Amino acid sequence: MRNFVSRRASGAKRSAIRELLKLTEKPDIISFAGGLPAPETFPHDEFAEIAADELRGHYENVLQYGLTEGSLTLRRAVIDWLRPHGLDLTTEQLLVTTASQQGIDLLSKAFIDPGDVIFCEAPTYLAALQTFSLFEADKIAIPMDDDGMNLDILEKEIQEARASGKTLKAIYTIPDFQNPSGITMSLEKRTRLLAIAKREDLLIFEDDPYGQLRFAGDPLPSIRSMDDEGRVILLLTLSKVLAAGLRLAIMVADNPLMDVLVRVKQASDLCSSKLTQHIAARYIKEYGMEEHLESIRHCYRAKRNAMIAALEKYMPADEGITWTRPEGGLFLWVRLPEGIDTEEMFPRAIEQKVAYVIGNAFYTDGRGRNEMRLSFSLGTEEEIEEGIRRLAQVVRAEIASKKKQAVLS
Ligand SMILES: Cc1ncc(COP(=O)(O)O)c(C=O)c1O
């Protein structure tokens, strides 16, 4: 047989994380690897009641095809939920997608031609990089500071890319409790990023799965809420605030961009599941999001505190090991001394029955070898402490062995 695989698909790589995650699924491993929301936060009983009612009472509607734009009940429920959070939206500005991953796919299909430049944070969300690669985007990595993307470097990269004749399209950012670093972009940077996008005529893809999961500090406005031109497209998934299995997200965009996105979505899957849209809509309207979110924040705050306390207790002091202190979300980012390679160390961590994601997987340019992402969402506080104890032991042994090698060479 001939090779039938398209040029586009043959360039697609398997996710390094998915391959490593297979190793972490063994029993008795404490895994900080997956970015999964905590199952105890899923409102499953309420969903069961709503689903039974919908399926018995309204099956001819919820088991039918729906509008490509998304069910009006869900869009209206989301509008009411988001209004107090600084987003005053109309139903025409919302597109329901089959979760944010489809949103990223639609943005790429709608706006990226091969070779077009998209500026991404480094490190960033791996599956967004995979999608941008599938659409043959030229991904330019912009390093992260403690308060978000380094905008001086962004400006420099924009000028260089322009000078070399490239077509610049968009900036992809995860401003709140970023995956993977846990870093939040400051208000000053949000304002300046939008000003840069205006001046350079770029779109901003603002991917915000974690903004509602703030458990410390003061909320910051979304970049979208500061945009008066419709150049920021916001993705708000329900995966982390309700349940990942609903496969639902809300994309916020204005015309004429929205019109293109709706057409692209229609060609992709006609519509998202009406049943899960109705479950989400009725949960938001009838049970209320604020109380639910408060209990999720409480859950992740305790887990984040347990992880930071364990890092402080067990990680060797005076070796220059640092970690971020996220004010929300699911992740923190650990930087080990230069020369320690978290990929090389990984099998030894698995031997000690603890897992993480290697830092390198979140960069496009080979950086991050001494870094790793830890997710604190799964497991009890006791398991988190035990996992960090094991990880610290592995790190200690790795540092000692590197020092020994240095002496011998
Ligand atoms: C930054 C970011 N964007 C998008 C997604 C995709 O989420 P979903 O497709 O479940 O909405 C994730 C999931 O972890 C994420 O971290």
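Residues are numbered from 1 along each chain as its sequence is written, and side-chain values use heavy atoms, with hydrogens and water left out. Because the model is predicted, local features need pLDDT of at least 70 and side-chain atom pairs count only at pLDDT 80 or more, whereas totals for chains, interfaces and linings use all residues.

**View 1. The protein chain as a whole.**
The protein chain has 14 helices and 14 strands; these are DSSP runs numbered from the N terminus, with helices being H or I of at least four residues and strands E of at least two. The radius of gyration of the chain is 22 Å, close to the 22 Å from the globule rule for 409 residues, so the chain is as compact as a globular protein of that length. That radius is taken over C-alpha atoms, and the globule rule is 2.2 Å times the number of residues to the power 0.38. The C-alpha trace spans about 70 × 55 × 55 Å along its principal axes. Of the 409 residues, 56% are buried (buried means under 20% relative accessible area, exposed over 50%, partly exposed in between, with a 1.4 Å probe and protein chains only). The accessible surface of the chain comes to about 18200 Å², and 52% of this belongs to carbon and sulfur atoms; accessible areas come from the Shrake-Rupley method with a 1.4 Å probe, and for residues only the protein chains shown count as cover. Among contacts (heavy atoms within 4.5 Å) between residues at least 6 apart in sequence, 76% join residues at least 24 apart.

**View 2. The shell around the ligand.**
The ligand is surrounded by 13 residues, and the closest are D207, Y210, T237, S239 and K240; a residue is near a molecule or strand if one of its heavy atoms lies within 4 Å of it. The shell divides into five nonpolar, five polar and three charged residues. In this grouping, Ala, Val, Leu, Ile, Met, Phe, Trp, Tyr, Cys and Pro count as nonpolar, Asp, Glu, Lys and Arg as charged, and the others, Gly among them, as polar. Helix α6 (residues 99-111) gives the most to the shell, with three residues.

**View 3. Polar atoms facing the ligand.**
A polar side-chain atom of D207 lies 2.6 Å from a nitrogen atom of the ligand. A polar side-chain atom of N179 is 2.8 Å from a ligand oxygen atom, and a backbone N or O atom of Q101 is 3.0 Å from an oxygen atom of the ligand. A polar contact is a pair of N or O atoms within 3.5 Å; within protein, one must be able to donate a hydrogen and the other to accept it, and residues adjacent in sequence count only if both atoms are side-chain atoms. The protein covers 92% of the 400 Å² of accessible area that the ligand has on its own.

**View 4. Two cis peptide bonds.**
A cis peptide bond joins N179 and P180, with omega about 20°. P180 is in the loop between β6 (168-173) and α9 (187-200). The peptide bond from A122 to P123 is also cis, with omega near 10°, and P123 is in the loop between β3 (117-122) and α7 (126-134).

D227 is found in the loop between β7 and β8 and counts as buried at 11% relative accessibility. A polar atom of its side chain lies 2.9 Å from the backbone nitrogen of E229, and the D227 side chain reaches the backbone nitrogen of G230 at 3.2 Å. Leaving aside neighbours within four places in sequence, D227 is in contact with L194 and V232. S222 lies in the loop between β7 (203-207) and β8 (232-237) and is buried at 12% relative accessibility. With neighbours within four places in sequence left aside, S222 is in contact with L87, R190 and E206.

**View 5. L20 in helix α2.**
L20 is found in helix α2 (residues 16-24) and counts as buried at 19% relative accessibility. Leaving aside neighbours within four places in sequence, L20 is in contact with F346 and I358. The C-alpha atoms of L20 and P347 are separated by 9.9 Å, although these residues are 327 apart along the chain.

L270, a residue other than glycine, has a positive phi near 65°. L270 is in the loop between α10 (257-269) and α11 (274-287) and is partly exposed, with a relative accessible area of 46%. Phi of K353 is near 65°, again positive in a residue other than glycine. K353 lies in the loop between α13 (342-351) and β12 (354-355) and is partly exposed at 33% relative accessibility.
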